[in-house]
Each structure stands twice: as structure tokens, then as C-alpha cells.
Amino acid sequence: MVDWKAIEEKWQKKWSEEKVFEPQIGEKPKFYITVAFPYLSGHLHVGHARTYTIPDVIARFKRMQGYNVLFPMAWHITGSPIVGIAERIKHRDPQTIFVYRDVYKVPEEILWTFEDPVNIVKYFMKAAKETFNRAGFSVDWSREFHTTSLHPQFNAFITWQFLKLKEKGLVVKGTHRVRWDPVVGTPLGDHDLIEGEDVQILEYILIKFILEENGKRIYLPAATLRPETVYGVTNMWLNPDATYVKAKVNDEIWVISREAAYKLSFQDKKIEVLEEFKGEKLIGKWVKNPVTGDEIIILPADFVDPDNATGVVMSVPAHAPFDHAALEDIKKNTELLLKYDIDPRIVENISYISLIKLEGYGEFPAVEEAQKLGVKSQEDKEKLEQATKNIYKAEFHKGVFKIEPYKGVPVSKVKDLIANDMKEKGIADMMYEFAEKNVISRFGNRAVIKIIHDQWFIDYGNPEWKEKAREALANMKILPESRRAQFEAIVEWLDKKACARKVGLGTSLPWDREWVIESLSDSTIYMAYYTISRVINKHGIKGEQLIPELFDYIFLEEFSGAREEELGKKTGIPKEVIREMKEEFEYWYPLDWRCSAKDLIPNHLTFFIFNHVAIFKKKHWPRGIAVNGYGTLEGKKMSKSKGNVLNFIDAIKENGADVVRFYIMSLAEHDSDFDWRRAEVAKLKGQLERFYELIEQFASYEIREGVKLKDIDRWLLHRLNKAIYETTKALDEFRTRTASQWAFYSILNDLKWYMRRTEGRDDDAKRYVLRSLADVWVRLMAPFTPHICEELWQKLGGNGFVSLAKWPEPKEEWWNEELEIEEEYIKDLIDDIKEILSVAKIENPKRAYIYTAEDWKWKIAEIVAQKKDFKAAMSEAMKDPEMRKKGKEVANLVNRLIKERVFEVKRIDEEKALRESKDFIEKEIGLEIIINPEEDKGGKKKQAMPMKPAVFIE
RNA sequence: GCGGGGGUUGCCGAGCCUGGUCAAAGGCGGUGGACUCAAGAUCCACUCCCGUAGGGGUUCGAGGGUUCAAAUCCCUCCCCCCGCACCA
């Protein structure tokens with residue numbers, strides 16, 4: 001049995017004592033890799049383990065390749081969730097207590113101290129650090145820090161960052177729409193909602209139809225998502241039973257539903273209700289279309305929902321199935337019309353106005369679609385929904401507008417064009433509305449949409465900035481490369497991003513102290529801070545000493561003794577120390593790799609690019625991003641609220657760090673997800689134990705010089721070379737799964753085969769080969785399973801730490817492609833014979849006769865491989881008089897080889913290979929074999945082809 | 001709706017970018033065998049269908065197309081997952 005825990009503790013202690021992972025700047029080429037620091041509202045789980053193990057494996061790999069590697073870590077505690085948790089603990093919220101006591105296993109006496117958010121942060125920072133140490137991460141802890149004003153030095157850095165952004169005009173103030181609790185008076189984030197987290201916010205265009213009343217202008221703002229259809233309005237719809245109001249809206253008089261008046265009061269509208277009445281009051285009146293000037297009649301419609309947008313709807317029956325159905329219904333309903341004193345002939349005479357040319361449809365797509373789906377009346381709501389969806393989609397994507405002045409413009413473009421034109425002329429307004437009704441805050445109130453002012457934004461929409469971000473991205477490596485498209489799309493799409501709020505932990509905006517910089521905005525360039533963090537920690541530099549000018553010098557200016565002198569005086573930091581910081585930054589920057597899980601692509605990782613290009617010189621722009629996928633647990637998504645979580649630390653305690661590391665690395669690659677299965681982990685543990693025992697055994701073998709190797713020995717060394725080559729290639733691209741397959745499984749399988757092939761042998765050659773293999777294998781595995789590899793490296797008598805040992809490289813003299821082909825040849829032959837035995841059901845087989853392809857067949861194969869064409873190959877072959885003698889046979893063979901496209905031929909000595917492996921083949925198939933006898937048994941001889949000998953079994 | 005990514009043999013998951021060597025890697029599961037007093041572990045074989053000589057047939061979401069040749073390229077359709085911001 002392997003004592004995982006003892007081995008892990010032993011080596012973790014040694015690494016730490018000897019500061020193996022605390023690089024000093026120097027002459028060696030540097031390699032700087034970071035990973036998104038964790039937000040510490042709880043323990044890390046095995047999904048996180050993936051994100052952090054990848055960069056560690058890469059760091060270890062590059063370190064062994066001779067790079068000076070920096071892999072630092074810090075903690076993110078910015079934001080409101082931790083404050084919210086403290087709040088909920090204080091109020092003894094059962095769900096929160098369940099998560100912290102039962103899922104995260106926080107001891108009771110500590111749990112109650114969590115009423116203070118600072119204690120939560122302290123507890124989980126400590127826990128996370130312990131977890132990372134116990135995972136064997138090669139982190140340089142001398143650079144550790146955490147965010148927010150609780151860390152004055154980092155606070156000073158973020159202050160500097162925001163001053164820079166402000167200076168460049170990239171932080172701006174503006175208005176913004178938010179989900180809002182109208183009772184409590186607070187913005188609502190996703191986690192503040194008990195219902196409706198994913199409800200969209202729609203932007204309705206309000207088109208102000210004009211109602212003349214006693215010579216006064218009153219507006220009926222019809223709400224629509226299709227402003228272009230204003231040209232096809234035939235009538236208006238109001239719900240006769242709903243309550244409407246006449247209200248003073250800013251300086252105009254509007255008629256809207258009572259609900260709309262309430263909602264609009266949050267959207268920059270000063271509302272004063274003058275009068276309330278039922279919709280029926282306006283039925284039968286006439287209003288004027290502000291765009292076309294048409295006079296149209298207001299008709300009654302039950303389907304108009306006063307709780308959606310303004311409750312005022314314009315009717316476009318040619319292009320809106322609902323309007324069409326309702327209009328046809330009402331045409332037949334003379335009784336209803338008479339009730340409102342409307343002359344039925346007026347309605348009868350309403351004619352549809354066609355606006356959009358749509359391929360596959362005639363004048364009135366809505367009418368056709370309704371018919372097609374079998375709509376009988378406006379009561380067929382489901383069918384009408386479907387028809388609306390179909391028409392909307394089709395017209396939007398394929399429709400062409402046909403009314404001047406927009407004739408010929410695609411609907412997808414004309415929509416915004418018309419809306420903007422109307423807004424400019426003051427005949428249209430807009431209104432935000434939820435796509436669904438039930439959006440409920442955690443306080444139990446129905447949310448509204450509010451427009452807030454004075455919000456600070458980072459202006460990612462700035463065109464010059466975008467251009468620089470594009471440039472940086474184009475020059476970066478993205479892994480996997482297939483994610484680049486997403487990055488590009490996000491860069492284009494990003495616009496103003498609110499960067500500060502009034503609650504939570506963080507750094508204050510330097511020019512507006514009541515605002516706290518939010519978490520996605522204070523985590524974009526901290527990789528630069530790591531470079532100087534060691535010096536700051538070492539010399540105990542205080543936050544107030546880190547003045548903006550000092551950061552300017554370190555990060556943005558050229559080396560200057562005079563500046564250092566000057567800044568030394570200003571800050572009280574010795575100028576040598578300032579020089580040290582400057583050197584660290586210049587040495588380590590730019591960052592080589594940024595790692596994170598894929599969920600951060602649309603925000604953090606892209607902000608990371610933007611902020612770097614905004615602040616730093618081009619030579620310091622980041623070089624690469626690698627993203628990874630998530631993890632599930634036994635096929636299910638991990639969810640702490642359901643308790644379905646495996647904490648990283650618990651996984652380590654259960655299985656050992658090396659097992660967990662290797663398991664996670666071997667499961668999935670790049671951005672695909674992995675699934676943690678207990679049974680498989682246990683299996684892997686067994687395999688790694690066997691690995692340990694094998695190496696231990698091989699360690700006792702001496703390497704003797706000058707041993708004579710057999711083919712199969714050299715075969716194994718060749719395969720080992722290949723494993724080295726492929727592992728290295730995979731790790732260069734962060735493909736940990738492929739790498740682990742080559743570094744472990746491939747070698748294990750080859751070793752099994754080798755043992756089978758050499759059963760009974762125990763000689764110097766075998767011992768030499770196995771010992772050589774051990775030496776390589778341990779180093780290939782070291783990035784994945786560093787602890788047991790250190791232990792094994794010691795047993796192998798290696799120098800120093802395996803963590804710092806030289807990464808293996810293929811040995812020129814070990815390559816032997818031919819042997820690999822020969823070995824495949826033997827395997828194939830054994831398979832063939834076994835198949836014959838099973839298919840032919842030969843009774844009592846005694847021996848197998850093997851015939852290899854005659855020399856001329858090889859020659860023909862080589863000619864075909866070269867010529868790749870029947871005629872050319874034949875004429876080449878016929879130059880040889882020997883070949884001419886068997887012209888027909890040659891032609892047949894050439895024909896067949898061409899047909900089968902056997903264009904890659906590497907000649908081996910088949911008979912030699914067979915004789916070398918004769919005993920083995922006989923043992924495997926349980927028959928005597930006779931190689932190339934004189935006699936042509938069973939007339940099979942002629943069937944022999946290159947690489948495929950003929951076989952006859954008797 | 002917008003944006004990104006997918007649908008592969010019982011399951012998970014490679015391969016598809018650079019068409020042929022793909023019935024399609026690897027793992028899991030399953031079946032049989034070796035070992036063992038036995039179990040476990042380990043090792044070996046098989047695991048789409050058919051087949052008394054190493055072969056043949058039908059597959060890679062659906063339907064078309066390009067090609068001597070397509071899981072791989074093009075078009076159309078269906079289905080699924082993720083993100084859409086002030087939230088870490």
C-alpha cells in the first residue's frame with residue numbers, strides 16, 4: 001500500500017522549506033502564468049479544482065523545461081454576496097445555515113462569527129490556501145494578497161487603475177435601466193429574484209396617435225415591437241373593460257392604461273393622473289396616425305392587456321395575425337359594433353395595407369399564415385401566437401419593406417430606422433417592459449423597470465478602445481482556438497458596463513467615495529500587481545506609500561534612476577526597493593497565460609484584455625488565454641443549495657492529492673466538461689498504486705552499459721520516445737487529457753505488452769530497458785502527480801527535486817519506426833490467425849503455415865506507392881523483364897493496390913520479423929507455425945500480400 | 001430575440017480544421033476466459049449485423065448536394081446546451 005498522505009505531507013513541507021516555487025528574477029527565460037483568483041464565499045469544489053490544476057500542471061511542465069516560472073495566487077473578496085451571507089446568517093436563514101454548516105462543514109462556533117463578513121473572508125481564505133497547498137500547487141505564496149479596502153496596498157493599486165481609466169475618459173457617468181423593487185427601493189440582481197430571473201426586458205416603441213378633444217391634442221401611445229408597421233395601421237384597439245387614465249406625462253397629455261402610468265413613472269416620466277375611466281369611453285372615436293396622417297377608428301378588443309406596455313394597441317391586420325383575426329371577428333359582430341354606436345359599414349370597409357414583400361407569401365402574410373394554421377377566431381390564442389411568431393421571424397429576416405421613403409430596405413434594418421426617425425420628430429417614445437409578468441423580488445414584490453441616473457460606467461463601447469482590444473486579441477493565443485470566435489463577438493458586443501455600486505466590499509471610486517468598485521472591474525489587471533507584490537510584502541510597504549505616481553513609474557515609464565530617487569523621497573520607500581519593483585515588473589510582464597473556466601469569457605477575460613490595452617504599453621499586452629470547462633458530479637450539476645457538491649479538500653482527503661489531480665486532468669480537455677465518478681476515482685487510485693510499485697521495482701535495477709538489446713527491447717524504447725514526444729506536444733497546447741493518456745496509459749499499455757512479449761526473461765537488457773523507462777516515466781508524470789513522483793525520483797536516485805528535474809526529450813537513438821511497424825505486423829498476424837480459427841471452425845488444428853509476400857510483390861507495391869496510377873505503374877513495372885514474364889499477375893496486383901489505395905509502403909523484412917517472434921506467435925495462437933515452407937499448402941501461397949502474409953491452417 | 005457551441009456505435013467521449021489508412025481511439029458498463037479455496041484486484045479476449053479461411057453488409061441528428069471516395073466539405077431542416085451585464 002502507498003501511504004499517500006505521508007508522502008504528500010513530506011514533499012509539501014520540503015517544497016515550502018526550500019522555497020522551490022518562489023522564483024527570483026534572473027537570466028533564465030521566464031514563464032508567467034496566472035489563473036482567475038477564486039471568490040471566497042465558500043469552499044472550492046472539484047469543479048474549481050480543474051481550473052486551478054491546469055495552470056499548475058503547465059507551470060510544473062514549463063519549470064521542468066527550464067523556464068523560470070511564476071505561478072502566483074491571491075483572493076477575491078470584492079462584492080456584495082459575502083455581505084449578503086453575513087446578513088442571512090445573522091437572520092438565521094435556514095438555507096444559508098444548511099450550506100455553511102452541512103455542505104461546507106464549518107464548525108458551529110465559527111459559523112456564528114460569520115455575522116461579520118470579514119470573518120467569512122478570513123475563514124475561507126485560510127481554507128482555500130490550505131486546499132491549494134494540499135493539492136500540491138506550485139504557487140509562489142510570497143506574492144499573496146486579497147482585494148478590497150481591507151488590503152490597503154492592493155486598494156492603492158485599484159485606485160491607480162481607476163484614475164488611469166478616468167483620465168483616459170473611459171469611465172463615464174450615465175443612465176441605465178435596472179430591475180427595481182418599487183417597495184424596498186433597490187436594484188435587483190439575478191440572485192435578488194425569487195421568480196423571473198431569466199425574463200427578458202423588451203424595448204417597446206410608443207407611437208403617439210393623436211386624438212383631438214375639444215381642440216386639444218391628446219396622445220394615445222400605441223406600444224409596438226414592430227414600429228415599421230405604423231404604415232399599415234387600419235385601426236386602434238383598446239380594451240373596453242380595462243381602466244385607462246388620462247395623465248399629464250411630462251408636458252403632454254397621454255391616454256394609457258392605469259398600470260402603464262405606474263410603470264412609466266419609473267422610466268423618466270413625470271406622471272400626473274388627471275382622470276380615470278374605462279376603455280369603452282374611447283371606443284368609436286377617431287385618432288390620427290402621426291406618420292401617415294390617416295384617420296383611424298378605435299375598436300374594442302378583449303385581447304388587449306392593460307398590464308402589458310401601454311395597453312394601447314395599433315392594428316396592422318396585413319402583418320399581425322392577432323389583428324387580422326380580431327378584425328374579422330368584429331366585422332361579423334354587428335351587435336357589438338352597434339353597442340358602441342359604430343356604423344358596421346365603416347368596419348366592413350377597412351382594407352388591409354400591405355407593407356412588406358415576403359417571399360413565399362402574397363400581399364398579406366398574416367392572413368395566409370392564420371389560414372394555414374387553421375385560425376378560426378381571435379379565441380385561437382395558441383395558433384395565433386404561433387402564427388405571430390412565424391410571421392415576425394420570417395418578415396424580420398427575409399422581408400423587404402415596400403413603402404417610400406424606405407422602399408427596398410430589409411425589414412431587419414428598416415425597423416430601427418423608422419423608430420429613430422419617429423423619435424427624432426417627437427412622434428414616438430419608448431418604454432421598457434418585461435417579456436413575462438412574474439418578476440418577483442426576494443422581498444416578495446413585483447419588480448418594475450427603473451431608469452437610474454448617475455451610474456458610473458466603464459465605456460467598453462469606446463471605438464478606439466475596441467480597436468485596440470481587437471488588435472490585442474488578434475495577436476493572442478486562445479486555447480482552445482475554437483473559442484476565439486466568441487471572444488471576437490464579445491469584443492464587438494460589449495458596451496457600457498456599470499462598474500460601481502453602493503453596497504459590498506471593495507475599493508472606493510477615488511473621485512466619488514460613496515461608490516464601491518464592483519468585482520468584475522477590480523480584477524482586470526491585478527496580474528501586474530503580483531509582479532511587485534513580493535517586494536511590497538517583503539519590505540512591509542504601506543498602502544499610503546503606493547501613490548499613483550509610483551505606479552505610473554513602475555508600470556508605464558522607462559527605467560530611471562532620477563525618478564526612483566524622486567519617488568523615494570515622495571513615498572519614503574528606499575529607491576533600491578523601487579528599483580526592485582520596477583525590475584520585477586519588467587522581467588515578468590507581459591503575462592504569458594491567463595487561465596479560467598469558460599464562464600468568464602463574456603466578462604472577466606474580455607475585460608482583462610480591454611483594461612490591459614487601455615493602460616499598458618503594447619509590449620506588455622497579454623499573450624494568451626486558456627479556458628476550461630466545468631465538472632459535474634455523477635452526471636449531475638453541482639449545486640451547493642442542494643448539497644450536491646464535492647469539496648476539493650474533501651476529495652483530497654478521501655483519495656489523495658495526486659489521484660484527484662490526475663483524475664481531473666485525464667477526464668476532459670480544454671472547454672469540454674468532465675464528470676466525477678467515485679467508482680472511477682477508486683479505480684485510478686489502484687492504477688497509480690501499481691505505477692508506484694512498478695517504478696519502485698524498476699528502481700532496484702542497475703543500468704549496465706553495453707547490453708545487447710533485442711528487437712522488442714528497442715521497440716519499447718521507441719514507444720517511450722513517442723510518449724515523450726506526444727506528451728510534450730499536448731502539454732504545449734494545454735491538452736491535459738491527451739497528455740495524461742500518453743504520459744500514463746499509453747506507457748502502461750506498452751509496458752503490459754512488453755511484459756507479455758518478454759515473459760520468462762530476466763536479463764540485463766530487460767532490466768536496462770525497464771530502468772530507463774522508469775526514469776522517463778516518473779518525469780512525465782511529475783506535473784500530474786508531483787508527490788509520488790518526488791518520492792519515486794528519490795528512489796531512483798535522481799538529483800534534487802523531480803519538480804526541478806529536466807523534462808525528458810526523445811532520444812535520437814531510440815527512434816525506430818520500423819520496429820513499430822513490425823510489431824504491428826506480428827499483432828495483425830496473430831489476430832488474423834485467431835479469426836481464421838474462430839470463423840473456419842477447423843477441427844483439431846495442428847499447425848499454421850505462413851507465407852510472406854514474394855519479393856516482386858513488394859517491388860510492385862513500392863512502384864504503385866510512387867506512381868499512384870495504373871498506367872504509370874504498369875509501364876514502370878514492365879521495364880523489368882522478370883516482371884514481364886508474369887505480366888498478367890502483375891497487372892492484377894497493380895490494379896488491386898491502386899483500388900485499395902495502398903500508397904504508403906514502408907518495407908520491412910517480414911521473414912526476419914516472423915522468425916524473431918516465432919515462439920511468441922506460437923504461444924499466442926497455441927499452434928506450431930512454419931514460416932515460408934517449400935510446399936504450397938492449400939494453395940494459399942499466392943494470396944500473400946506485402947504486410948499480409950498468407951496463412952494455411954491444417 | 002441576439003451571440004457562442006454542439007448532436008458519433010449501450011453510456012461518456014475522441015475523430016471532424018488538413019476528405020480515403022474509420023466499424024470509427026480511449027474509458028465505463030456488459031460477456032467469456034486465466035489466476036484464486038473463494039471474493040477482490042490483476043491480466044487476456046469479445047462487445048453494430050452476418051459469416052465453416054483472415055471476408056461481407058449497414059452506421060456517425062434528418063434530408064439533399066459536391067466527389068472515384070464523406071462522420072469529415074457545401075446547402076436546408078430538426079433538436080440540445082451555454083451567455084445576454086452591474087452579478088460573482
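Which residue in β29 is the bridge partner of Gly-631? In β29, that partner is Phe-674.

A word on conventions comes first. This is a predicted model, in which local features need pLDDT of at least 70 and side-chain atom pairs count only at pLDDT 80 or more, while totals for chains, interfaces and linings use all residues. Residues are numbered from 1 along each chain as its sequence is written, chains are lettered from A and ligands numbered from 1 in the order in which they are written, and side-chain values use heavy atoms, with hydrogens and water left out.

Let me return to the opening pair. Gly-631 belongs to strand β27 (residues 631–633), which runs parallel to β29 and is joined to it by 3 bridges. Strands here are DSSP runs of E with at least two residues, helices are runs of H or I with at least four, and both are numbered from the N terminus. Two strands are said to pair if DSSP finds at least two bridges between them. The open sheet has 3 strands in the order β28-β27-β29, with mixed pairing. Because β28 (636–637) and β29 (674–676) each have a single partner strand, they stand at the edges, and one side of each is left without a neighbour in the sheet.

A second open sheet of 3 strands has the order β31-β30-β32, again with mixed pairing. Its edge strands are β31 (928–931) and β32 (950–953), each of which pairs on one side only. From one strand to the next, the twist averages 20°. Helix α29 (residues 817–840) packs on this sheet, touching β30 and β32, and its direction makes about 40° with that of β32. Contact means heavy atoms within 4.5 Å. For the angles, axes are lines fitted to C-alpha atoms, for helices over the stretch in contact, and values run from 0 to 180 degrees between N-to-C directions.

How do β30 and its partners run? Strand β30 (residues 847–851) pairs with β32 in the antiparallel sense over 4 bridges, whereas β30 and β31 run parallel, joined by 4 bridges. Towards β32, Ala-848 stands opposite Ile-953, and Tyr-849 stands opposite Phe-952. Towards β31, Ile-850 stands opposite Ile-931. As a general point, strands of a sheet pair through backbone hydrogen bonds, either parallel or antiparallel. Strand β30 is mostly covered, with 4 of its 5 residues buried. Buried means under 20% relative accessible area, exposed means over 50%, and partly exposed lies in between, with a 1.4 Å probe and protein chains only.

Next comes a hairpin. Strand β6 (residues 201–213) and β7 run antiparallel and are joined by 9 bridges; Leu-211 has Ile-218 in β7 as its bridge partner. Between the two strands are 2 residues, and in this hairpin Asn-214 takes a positive phi near 55°. Because 7 of the 9 residues of β7 (residues 216–224) are buried, that strand is largely enclosed by the rest of the structure.

Where does the model hold a cavity? A cavity is a set of points, on a 1 Å grid over the protein atoms alone, where a 1.4 Å probe fits but cannot get out; lining residues have an atom within 4 Å of a point. Grid points are joined across faces, edges and corners, and a volume is the space filled by probe spheres set on the points. The count comes to 1 cavity of 30 Å³ or more, and about 40 Å³ of space lies in the largest cavity. Its lining consists of Ile-54, Ala-626, Val-627, Asn-628, His-670 and Phe-734. Strand β26 (residues 624–628) supplies the largest share, 3 residues.

Phe-734 has a positive phi of about 60° although it is not a glycine, and it counts as buried because its relative accessibility is 4%.

I close with two peptide bonds. Leu-479 and Pro-480 are joined by a cis peptide bond with omega about -5°, and Pro-480 is placed in the loop between β20 (477–479) and α16 (484–493). A cis peptide bond also joins Tyr-589 and Pro-590, with omega about 5°; Pro-590 lies in the loop between α20 (575–588) and β25 (593–597).

How values were computed: 1 Å grid on protein atoms, 1.4 Å probe; cavity = no way out; pocket = protein on both sides within 12 Å on 5 of 7 lines; lining within 4 Å.
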